[in-house]
Amino acid sequence: MKKYMMIAAVFAALGLNATYAMDALTAQDENVATEVVTVEFVAIEADQLPQAVKDAVASNFEGATINGAAVKDENDVKTYKVTIADGEGNVQDVLFNEQGEILPNA
(Lines give C-alpha, C1' and ligand atoms only; values in the text may rest on other atoms or scores of the structure.)
Protein backbone atom coordinates (compact mmCIF):
# COMPACT_ATOMS: atom_id res chain seq x y z
CA MET A 1 0.00 0.00 0.00
CA LYS A 2 2.87 2.34 0.82
CA LYS A 3 4.29 1.71 -2.64
CA TYR A 4 1.06 2.82 -4.27
CA MET A 5 0.97 5.95 -2.14
CA MET A 6 4.58 6.72 -3.05
CA ILE A 7 3.91 6.20 -6.77
CA ALA A 8 0.83 8.42 -6.58
CA ALA A 9 2.85 11.14 -4.82
CA VAL A 10 5.58 10.98 -7.51
CA PHE A 11 3.05 11.25 -10.33
CA ALA A 12 1.29 14.14 -8.59
CA ALA A 13 4.60 15.98 -8.19
CA LEU A 14 5.51 15.41 -11.85
CA GLY A 15 2.08 16.58 -12.95
CA LEU A 16 2.36 19.81 -10.96
CA ASN A 17 5.81 20.52 -12.39
CA ALA A 18 4.50 20.05 -15.91
CA THR A 19 1.67 22.48 -15.18
CA TYR A 20 4.11 25.11 -13.92
CA ALA A 21 6.34 24.56 -16.95
CA MET A 22 3.38 25.09 -19.31
CA ASP A 23 2.42 28.26 -17.45
CA ALA A 24 5.98 29.56 -17.83
CA LEU A 25 5.99 28.81 -21.57
CA THR A 26 2.62 30.49 -22.03
CA ALA A 27 3.80 33.58 -20.15
CA GLN A 28 6.91 33.69 -22.31
CA ASP A 29 4.83 33.45 -25.53
CA GLU A 30 2.67 36.39 -24.40
CA ASN A 31 5.77 38.59 -24.20
CA VAL A 32 6.73 38.02 -27.84
CA ALA A 33 6.11 41.13 -29.94
CA THR A 34 4.50 40.86 -33.35
CA GLU A 35 5.44 43.35 -36.04
CA VAL A 36 2.97 44.00 -38.85
CA VAL A 37 4.26 45.79 -41.92
CA THR A 38 1.75 47.41 -44.22
CA VAL A 39 2.84 48.02 -47.79
CA GLU A 40 1.06 50.90 -49.49
CA PHE A 41 0.52 51.64 -53.18
CA VAL A 42 2.83 54.25 -54.68
CA ALA A 43 1.55 56.41 -57.55
CA ILE A 44 3.20 55.93 -60.94
CA GLU A 45 2.60 57.30 -64.42
CA ALA A 46 0.39 55.21 -66.71
CA ASP A 47 3.27 54.79 -69.16
CA GLN A 48 5.21 52.99 -66.38
CA LEU A 49 2.66 50.16 -66.32
CA PRO A 50 3.88 46.87 -67.79
CA GLN A 51 2.73 46.31 -71.35
CA ALA A 52 0.77 43.25 -70.20
CA VAL A 53 -1.30 45.45 -67.85
CA LYS A 54 -1.93 48.05 -70.58
CA ASP A 55 -2.99 45.28 -72.98
CA ALA A 56 -5.32 43.79 -70.35
CA VAL A 57 -6.98 47.16 -69.80
CA ALA A 58 -7.46 47.61 -73.56
CA SER A 59 -8.94 44.14 -74.07
CA ASN A 60 -11.09 43.90 -70.90
CA PHE A 61 -12.29 47.52 -70.71
CA GLU A 62 -12.80 48.52 -74.33
CA GLY A 63 -13.01 52.29 -74.77
CA ALA A 64 -11.86 52.99 -71.22
CA THR A 65 -9.08 55.38 -70.32
CA ILE A 66 -6.53 55.07 -67.56
CA ASN A 67 -6.96 57.95 -65.09
CA GLY A 68 -4.29 56.83 -62.63
CA ALA A 69 -1.93 54.05 -61.70
CA ALA A 70 -0.08 52.84 -58.63
CA VAL A 71 2.16 49.95 -57.74
CA LYS A 72 2.75 47.95 -54.56
CA ASP A 73 5.86 45.79 -54.23
CA GLU A 74 5.44 43.23 -51.46
CA ASN A 75 7.96 40.39 -51.13
CA ASP A 76 9.15 41.02 -54.71
CA VAL A 77 5.60 40.58 -56.03
CA LYS A 78 4.23 43.66 -57.78
CA THR A 79 0.54 44.51 -57.78
CA TYR A 80 -0.77 47.34 -59.94
CA LYS A 81 -3.85 49.41 -59.11
CA VAL A 82 -5.25 51.06 -62.22
CA THR A 83 -8.00 53.67 -62.07
CA ILE A 84 -10.13 53.25 -65.19
CA ALA A 85 -12.87 55.53 -66.53
CA ASP A 86 -15.37 54.37 -69.12
CA GLY A 87 -17.06 56.56 -71.74
CA GLU A 88 -20.00 57.26 -69.39
CA GLY A 89 -17.81 58.66 -66.62
CA ASN A 90 -17.90 55.60 -64.39
CA VAL A 91 -14.61 55.20 -62.54
CA GLN A 92 -13.26 52.05 -60.93
CA ASP A 93 -10.00 50.73 -59.49
CA VAL A 94 -8.84 47.40 -60.87
CA LEU A 95 -5.91 45.36 -59.53
CA PHE A 96 -3.52 43.53 -61.86
CA ASN A 97 -0.45 41.38 -61.43
CA GLU A 98 2.64 41.87 -63.61
CA GLN A 99 1.27 39.45 -66.21
CA GLY A 100 -1.87 41.55 -66.71
CA GLU A 101 -4.18 39.18 -64.87
CA ILE A 102 -7.04 40.82 -62.99
CA LEU A 103 -6.85 40.27 -59.23
CA PRO A 104 -9.71 40.39 -56.72
CA ASN A 105 -10.02 43.72 -54.93
CA ALA A 106 -9.22 43.18 -51.27
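Which residue stands opposite Lys-72 in β3? I looked it up, and Lys-72 faces Thr-79 there.

**Ground rules.** I'm working with a predicted model, where local features need pLDDT of at least 70, side-chain atom pairs count only at pLDDT 80 or more, and totals for chains, interfaces and linings use all residues. My residue numbers start from 1 along each chain as its sequence is written, and side-chain values use heavy atoms, with hydrogens and water left out.

**The sheet.** I went through the strands next (DSSP runs of E, at least two residues, numbered from the N terminus; helices are runs of H or I, at least four residues). Two strands count as paired for me if DSSP finds at least two bridges between them. I found an open sheet of five strands, ordered β1-β2-β3-β4-β5, with antiparallel pairing. β1 and β5 (102-103) stand at the edges with a single partner strand each, so one side of each has no neighbour in the sheet.

I then checked β1 (residues 42-44), which pairs with β2 in the antiparallel sense over three bridges. Ala-43 has Ala-70 of β2 as its bridge partner. For β2 and β3 I noted nine bridges, again antiparallel. Besides the pair I began with, Asp-73 stands opposite Lys-78 in β3. The hairpin of β2 and β3 has two residues between the strands, and Asn-75 takes a positive phi near 55 degrees in it.

**The core.** What does the largest nonpolar core look like, and how many residues has it? I noted 13 residues, and those with the most contacts inside it include Ile-44, Leu-49, Tyr-80 and Phe-96. A nonpolar core here is a set of buried Ala, Val, Leu, Ile, Met, Phe, Trp, Tyr and Cys residues joined through side-chain atoms within 4.5 Å. Buried is under 20% relative accessible area, exposed is over 50%, and partly exposed is in between (1.4 Å probe, protein chains only).

**Val-82.** I picked Val-82, which lies in strand β3. Val-82 is buried, with a relative accessible area of 0%. I count a contact when heavy atoms are within 4.5 Å. Leaving aside neighbours within four places in sequence, Val-82 is in contact with residues including Leu-49, Val-53, Gly-68 and Phe-96. Val-82 and Lys-54 are 28 residues apart in sequence and 9.5 Å apart in space, C-alpha to C-alpha.
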